[in-house]
Amino acid sequence: MLTRSIDFIDPFALTIEEKIFRAAKRACIVFAIAALMLTALDLADIRSVENAADMIQNNRQRFVDLPNLIRKGIQSIAIAAPSPYATAMIPRGEIAVTGSTRRTAIEPRITSDASPVAELAAARYLDAVEVAMESPPALTKFEPPLVAAPAPALMILASADPAPLQLPPITPVSLPMSAALPLDMVPLPRPAPGAPPPSPAELLHLEGKAYDKAERCLANAIYFEARSEPVSGQIAVAQVVMNRAFSGFYPNDVCGVVYQNAYRHLACQFTFACDGKSKAINERGAWARANRIAKQTLDGQLYVAAVGPSTHYHAVYVHPNWVREMRKMARYGIHNFYRPIAWGNGAEEPVWGTAALAQNKKK
């Protein structure tokens with residue numbers, strides 16, 4: 001077996017001139033750094049030059065031998081890095097060549113008596129370089145066989161034919177039209193957090209003359225029942241009237257709630273409606289404020305969260321018997337506001353204004 005080494009020239013290797021230039025550049029940088037250090041030491045009053053001269057004087061013999069040591073070190077350093085090479089194994093003896101276009105009718109036999117150079121020269125029908133560059137089987141890099149990844153589970157579409165996949169047929173299941181869910185079981189979407197809830201006027205379908213009549217009745221209740229109260233107390237009275245209209249236990253219109261049992265003397269729901277006193281409006285400012293509160297309440301702009309679903313109230317200087325069956329909700333001015341215990345907490349009652357927006361955002 002003939003072994004030959006073939007050198008490869010690295011096209012990216014540095015030339016001799018480039019290496020010398022790089023070495024000189026590094027030496028200049030080293031000398032510049034050394035000069036800066038010496039300058040800094042002199043500024044710090046450190047006599048480095050004098051100390052170095054004393055050291056050289058004391059070690060003169062060592063410095064005399066220093067050039068010889070440097071020369072020996074340079075000689076031992078290789079200027080160029082060794083070129084990469086490859087070792088090719090050329091078989092000796094009888095060679096069987098297949099697929100060669102320069103093959104003769106009678107294949108010559110290469111004997112082992114000649115030298116390796118003569119053997120290569122005798123193989124005229126072969127390309128010596130191709131033979132040298134062929135990698136022997138022992139030098140071939142072993143690559144492990146690729147293992148196929150497990151195939152993912154097949155997804156069966158509704159329109160796919162299961163016959164080619166050799167899968168059991170899928171029996172379609174259909175519900176009859178009579179099995180549709182009833183409407184009361186279908187969940188309704190929640191209102192959007194930023195959507196305004198319906199106003200009391202929208203819930204009671206008040207428009208035109210009906211709206212004006214309801215506004216006048218509500219303004220009368222505010223004026224005659226709480227015109228001397230703070231604004232929050234007047235809004236609370238208007239809210240009680242609206243809560244009664246939505247409760248289902250009183251008439252479902254504003255005027256019907258305000259004037260319920262007005263024909264019974266001192267036995268009506270709101271005292272001003274059956275006390276027999278004059279209903280003349282003498283305080284124009286209080287009347288204008290009552291009308292403004294009535295309109296804003298019907299439009300859903302005013303709501304007192306503390307009063308909530310209250311449906312009853314009384315002045316603090318009276319003590320009615322029905323208070324024992326009530327849950328106190330709040331107090332504004334001289335009025336206490338209640339809701340019957342038997343009617344629950346009123347969570348299902350309508351809420352409007354900013355309080356309703358806050359409830360929608362919490363959901």
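Q: How do I read the burial of R339: buried or exposed?
A: R339 has 3% relative accessibility, so it counts as buried. The cut-offs are under 20% relative accessible area for buried, over 50% for exposed, and partly exposed in between (1.4 Å probe, protein chains only).

Q: What kind of model is this?
A: It is a predicted model, in which local features need pLDDT of at least 70 and side-chain atom pairs pLDDT 80 or more, while totals for chains, interfaces and linings use all residues. Residues are numbered from 1 along each chain as its sequence is written, and side-chain values use heavy atoms, with hydrogens and water left out.

Q: Which side chain meets R339 in a salt bridge?
A: First, the criterion: a side-chain nitrogen of Lys or Arg within 4 Å of a carboxyl oxygen of Asp or Glu. Here the partner is E349, at 3.7 Å from N to O. R339 belongs to strand β5 and E349 to the loop between β5 and α11, so the pair ties together parts ten residues apart in sequence. Helices (H or I, at least four residues) and strands (E, at least two) are DSSP runs, numbered from the N terminus. E349 is buried too, at 13% relative accessible area.

Q: How many salt bridges does a search of the whole structure find?
A: Four. One of them joins R227 and E283, with the closest N and O atoms 3.5 Å apart. R227 sits in the loop between α7 (208–226) and α8, and E283 in the loop between α9 and α10 (284–298), so this pair ties together parts 56 residues apart in sequence. R227 is partly exposed at 31%. E283 is partly exposed at 39%. Another bridge links K279 and D275 at 3.2 Å, N to O.

Q: Over the face of which ring does R227 lie?
A: The test is NZ of Lys or CZ of Arg within 6 Å of the ring centre and within 35 degrees of the ring normal. R227 lies over Y223, 4.7 Å from the ring centre.

Q: How many aromatic pairs does the search find?
A: Rings of Phe, Tyr and Trp (its six-membered ring) pair if their centres lie within 6.5 Å; planes under 30 degrees apart are stacked, over 60 edge-to-face, the rest tilted. The whole structure has twelve such pairs. Y223 and F224 are edge-to-face, with 4.9 Å between centres and 90° between planes. Both Y223 and F224 are buried. F249 and W343 are stacked, because their centres are 4.1 Å apart and their planes are at 5°. F249 lies in the loop between α8 (231–247) and α9 (254–258), and W343 in the loop between β5 (335–340) and α11 (354–362), so the pair ties together parts 94 residues apart in sequence. F249 is exposed, at 53% relative accessible area.

Q: In what sense do β4 and β5 pair?
A: Strands pair if DSSP finds at least two bridges between them. Strand β4 (residues 326–332) and β5 are antiparallel, over six bridges. In β5, Y338 is the bridge partner of K328. The hairpin of β4 and β5 has two residues between the strands, and G333 takes a positive phi near 65°.
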